[in-house]
Amino acid sequence: MKIYNSNLGAATRALRIILSLKKISIKTIDIDMASGENRNPDFLKINPAGVLPCLELDNGKVIGEVTAIAEYLDEIYPENLLSGSTPEERAETRMRMRQCDWFVILPLANSFRHGRGKKFFSGRINIYESLSEPSLELAKDGMEWINSHLNKNTYLCGLRLSYADIVFYAMIKFLLEATRFAIEGDFQYLSNYLEKLDQDEGFKKIK
């Protein structure tokens, strides 16, 4: 197996944290996203979606999207499970990940792509500057929901650390910095949660 990685993306950082926590070593091939190497024809033959990270299996099958990779790795390396150890836990992990994606990550990413990040993304996606501000407002609504949830829970899945925490952490940390949006004060429980993960040895050693 081999992993196609980039040091530029948040999702690739999330996968590196997952590999570290699960104590898995897999051959890694670095792709230069800054230059658009992931959109070149040679890479698109590997992963037609052009996204990173992706995992190429020994039989040539390619799995894209960090959450799908996390679940696959739990299946073949059942130590230090990050999906959950029961059907109920696995369903809960997928539910929380989906909520984070739709409520926060997607709108916050759109706010950045069509706003401060439009120069980088121009030519890679269609840019609609009018999407930036309303997308940020939607992300704020989502962060309020997550903030309320974290008032009563240590992690997204209660007391259990899951890949949903890892992916959400990596994505929101990157996007908050990219959009220059500060959450301290208005989203105190979310802020405390991110600070706690900042101090976790398994997280802070992976940049």
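Helices are DSSP runs of H or I with at least four residues, numbered from the N terminus. By this rule, His149 belongs to helix 6, which covers residues 132-150. The model is a predicted one, in which local features need pLDDT of at least 70 and side-chain atom pairs count only at pLDDT 80 or more, while totals for chains, interfaces and linings use all residues. Residues are numbered from 1 along each chain as its sequence is written, and side-chain values use heavy atoms, with hydrogens and water left out.

His149 has a relative accessible area of 12% and is therefore buried (under 20% relative accessible area, with a 1.4 Å probe and protein chains only; over 50% is exposed, and values in between are partly exposed). Apart from residues up to four places away in sequence, His149 touches Arg96, Tyr155 and Leu156 (contact means heavy atoms within 4.5 Å).

A nonpolar core is a set of buried Ala, Val, Leu, Ile, Met, Phe, Trp, Tyr and Cys residues joined through side-chain atoms within 4.5 Å. The largest such core holds 54 residues, of which Met143, Phe168, Ile172, Leu190 and Tyr193 touch the most other members. At least two residues of this core come from each of helix 1, helix 3, helix 4, helix 6, helix 7 and helix 8 (188-199). Helix 7 gives the most, with 12 residues. When neighbours within four places in sequence are set aside, Leu190 contacts Met143, Ile146, Asn147, Leu150, Phe168, Ile172 and Ile183. A second, separate core has 6 residues, among them Tyr4, Ile31, Met33 and Leu52.

Pockets were located on a 1 Å grid over the protein atoms alone, as open sets of points where a 1.4 Å probe fits, with protein on both sides within 12 Å along at least five of seven lines; lining residues have an atom within 4 Å of a point. Grid points are joined across faces, edges and corners, and a volume is the space filled by probe spheres set on the points. The largest pocket contains about 1100 Å³ of space. Its lining comprises 34 residues, and Ala11, Val51, Leu52, Arg113 and Met171 lie nearest the centre. Helix 4 gives the most to this lining, with 10 residues.

The second largest pocket contains about 290 Å³ of space. Residues lining the second largest pocket include Asn7, Arg13, Phe174 and Lys207. Helix 1 and helix 7 are the elements that give two or more residues to this lining, and helix 7 gives the most, with 5 residues.
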